[in-house]
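Please look through the following model with attention to its strands, its pockets and its aromatic rings.

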Amino acid sequence: MASYIGAIDQGTTSSRFIVFDRSGRIVSTAQREHEQIYPRPGWVEHDPEEIWRRTDDVIQEAMEARGLRPEDLAAIGITNQRETTVVWHKKSGKPVYNAIVWQDTRVAPAVAEFAARGGQDRYRAQTGLPLATYFSGLKIRWILEEVAGARAQAEAGDLLFGNIDTFLIWHLTGGPNGGVHVTDVTNASRTQLMNLNTLQWDQDILKDFGIPIQMLPKIVSSSEVYGTAKLPAVEGVAIAGDLGDQQAALVGQACFNPGEAKNTYGTGCFMLMNTGEKAVLSTFGLLTTLAYKFGGSPKP
């Protein structure tokens, strides 16, 4: 019987793979950093292919360090840097451009443009988020407008979008050879493209941003089997968990009751509070986002 759980922690500066036993004790871990790319002031990029290589490397290292086999793992879960945007070719897996990182501010002119035609909070009722450089939606728009041929390829169904969780799950489950194209509700809620009421992509916002829906992943829960790994070190292991990094920390701290909150310190400092199953829209500049969704359970 499988005795361990594997966790991929793909962060802003590094990728880690951690193996836990049934008591939650770490039995093996490996970590590798990746390059931070700054093409211009305010621009921050990562090489998605480097991130995938580093993820593959740390999985192999952690498994080999303890002599673990795929059958020793019951499942693998993923947590990831949120909002970092990747667009890649469906047939080859090659990115059309570097990943645009959550810290990047290049879409500030687009934020000003959309805010001038409806205010900074024009999408807050649907998404819980103000217009800002932070979220994935306008980063996708930038890639489609600035990378030669990208829009035509996206409209033809040849390109895929994902935050880092989606990119890794797609590669882990086969990539061009049947890779699963999904994202969970926590990551989807950080794109500014998901409607908090329906947990589906918002057609009106997609139209405003000029984003073809066929390039977007299927939105799924944070805890279900999405597919099985194809990497030799973990071949056949179920990929069964997906949460953005801060929501994963909320779940890890067991904040399952309304009013419970956590604060974490990493590349940034983030406080999240569970407000229950009903979205609460702040009038003081705070963001409303999905905390987690386990299988078919209601959304907190």
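The paragraphs below go from a central strand pairing to the pockets, then to one arginine and the aromatic pairs.

This is a predicted model, in which local features need pLDDT of at least 70, side-chain atom pairs count only at pLDDT 80 or more, and totals for chains, interfaces and linings use all residues. Residues are numbered from 1 along each chain as its sequence is written, and side-chain values use heavy atoms, with hydrogens and water left out.

Helices (H or I, at least four residues) and strands (E, at least two) are DSSP runs numbered from the N terminus. Strand β5 covers residues 73–80, and seven of its eight residues are buried, so the rest of the structure largely encloses it. Buried here means under 20% relative accessible area, with exposed over 50% and partly exposed in between, for a 1.4 Å probe and protein chains only. Two strands count as paired if DSSP finds at least two bridges between them. Strand β1 (residues 4–10) runs parallel to β5 and is joined to it by seven bridges; in this pairing A75 of β5 is the bridge partner of I5. With strand β14 (residues 238–244), β5 pairs in the parallel sense over five bridges, and I78 stands opposite D242 of β14.

A pocket is an open set of points on a 1 Å grid over the protein atoms alone, where a 1.4 Å probe fits, with protein on both sides within 12 Å along at least five of seven lines; lining residues have an atom within 4 Å of a point. Grid points are joined across faces, edges and corners, and the volume is the space filled by probe spheres set on the points. The largest pocket holds about 790 Å³. It is lined by 33 residues, and D9, R16, T79, D245 and A249 are the closest to its centre. At least two lining residues come from each of β1, β2 (14–20), β5, α9 (245–252) and β15 (261–265), and α9 gives the most, with six. The lining divides into twelve nonpolar, 16 polar and five charged residues, where Ala, Val, Leu, Ile, Met, Phe, Trp, Tyr, Cys and Pro count as nonpolar, Asp, Glu, Lys and Arg as charged, and the others, Gly among them, as polar.

The second largest pocket has a volume of about 650 Å³. Of its 27 lining residues, L272, M273, L287, T288 and T289 lie nearest the centre. Strand β16 (residues 269–273) gives the most to this lining, with five residues.

R82 sits in the loop between β5 and β6 (85–89) and counts as buried at 4% relative accessibility. Its contacts (heavy atoms within 4.5 Å) include W102, Y134, D245 and F270, not counting residues up to four places away in sequence.

Rings of Phe, Tyr and Trp (its six-membered ring) pair if their centres lie within 6.5 Å; planes under 30 degrees apart count as stacked, over 60 as edge-to-face and the rest as tilted. The count comes to twelve aromatic pairs. W102 and Y134 form an edge-to-face pair, 5.8 Å centre to centre with 75 degrees between the planes. These two residues are 32 residues apart, W102 in the loop between β7 (99–100) and α2 (108–116) and Y134 in the loop between α3 (124–127) and α4 (136–146). W102, Y134, F135 and F270 form one aromatic cluster.
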